[in-house]
Amino acid sequence: LMRSSAASDVYKRQVLVSELIRQVLISRMCVREAILRFPRDTHDKSIHAAYHALVHFEADEDLRKRDELYREEQDDYLEFIAQVLERGENLPENIINNYEKYYACANIPHENNTKGFFKSFLRFLNIKSEVTTYNKEKE
């Protein structure tokens with residue numbers, strides 16, 4: 001199967017992302033490390049969606065601990081994303097559309113702004129945990 005150079009680059013990036021997702025799923029790599037290794041400056045919507053799926057995986061850590069069924073479904077979902085990318089295929093439209101609303105506010109960091117990205121990402125996680133804490137205190 002001959003691929004053009006551009007198609008070959010897209011394929012390599014998709015395979016890399018599928019491997020990163022698998023490393024997270026088997027607990028060989030933390031989400032933060034996987035995110036740092038994501039391809040930079042890509043316009044591949046499948047890679048963007050995979051990235052956001054991992055961000056949500058990290059943000060849902062507490063829920064994953066409490067709810068075994070949710071954890072299994074989320075693991076299966078990430079495994080499905082990894083399998084599709086590993087074949088060099090684009091993710092289904094519904095998965096891409098599911099994450100497009102997040103693209104504007106939390107994109108894959110570019111080479112030069114990784115530090116800024118982590119500040120905003122940690123702020124995003126912090127807001128989530130503060131809301132959880134606030135809700136618990138009200139009970």
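Q: Which residues form a negative surface patch?

A: This is a predicted model. In it, D67, E68, E72, E73 and D76 form a negative surface patch. One of these residues, D67, lies in the loop between α4 (61–66) and α5 (68–86). D67 counts as partly exposed because its relative accessibility is 32%.

Q: How many helices and how many strands does the chain have?

A: The chain has seven helices and zero strands. Read along the sequence, this gives the pattern α-α-α-α-α-α-α.

Q: What percentage of the residues in the chain is buried?

A: A residue counts as buried when its relative accessible area is under 20%. Of the 139 residues in the chain, 35% are buried. I96, placed in helix α6 (residues 93–103), is buried because its relative accessible area is 5%. In space, I96 and A50 are 8.6 Å apart, C-alpha to C-alpha, while in sequence they are 46 residues apart.

Q: How many salt bridges does the structure hold?

A: Side chains of opposite charge can pair when their charged atoms come close. The structure holds six salt bridges. In one of them, R22 pairs with E79, and the closest N and O atoms are 2.8 Å apart. This pair links distant parts of the chain, since R22 belongs to helix α1 (residues 5–25) and E79 to helix α5, 57 residues apart. Both partners are partly exposed: R22 has a relative accessible area of 22%, and E79 has a relative accessibility of 24%.

Q: Where in the chain are R64 and D75, and are they buried or partly exposed?

A: The side chains of R64 and D75 meet in a salt bridge, at 2.8 Å from N to O. The pair links distant parts of the chain, with R64 in helix α4 and D75 in helix α5, eleven residues apart. R64 is buried, because its relative accessibility is 10%, whereas D75 is partly exposed at 24%.

Q: Which residues do salt bridges with shared partners join into one network?

A: A further salt bridge is formed by the side chains of E89 and R87 (3.1 Å, N to O). The network formed through shared partners joins R22, E79 and E86.

Q: How many aromatic pairs are there?

A: The count comes to one aromatic pair. The ring centres of F38 and Y51 are 5.6 Å apart and their planes stand at 70 degrees, so the pair is edge-to-face. F38 lies in the loop between α2 (31–36) and α3 (45–59), and Y51 in helix α3, 13 residues apart. F38 is buried, with 2% relative accessibility, and Y51 is buried, with a relative accessible area of 0%.

Notes
Residues are numbered from 1 along each chain as its sequence is written. This is a predicted model: local features need pLDDT of at least 70, side-chain atom pairs count only at pLDDT 80 or more; totals for chains, interfaces and linings use all residues. Side-chain values use heavy atoms; hydrogens and water are left out. Patches are made of residues with over 30% relative accessible area and no salt bridge: like charges are joined within 9 Å, nonpolar side chains (Val, Leu, Ile, Met, Phe, Trp, Tyr) within 5 Å. Accessible areas come from the Shrake-Rupley method with a 1.4 Å probe; for residues, only the protein chains shown count as cover. A salt bridge is a side-chain nitrogen of Lys or Arg within 4 Å of a carboxyl oxygen of Asp or Glu. Lys and Arg count as positive and Asp and Glu as negative; His and the chain ends are not counted. The place of a charge is taken as NZ of Lys, CZ of Arg, CG of Asp or CD of Glu. Helices (H or I, at least four residues) and strands (E, at least two) are DSSP runs, numbered from the N terminus. Buried means under 20% relative accessible area, exposed over 50%, partly exposed in between (1.4 Å probe, protein chains only). Rings of Phe, Tyr and Trp (its six-membered ring) pair if their centres lie within 6.5 Å; planes under 30 degrees apart count as stacked, over 60 as edge-to-face and the rest as tilted.
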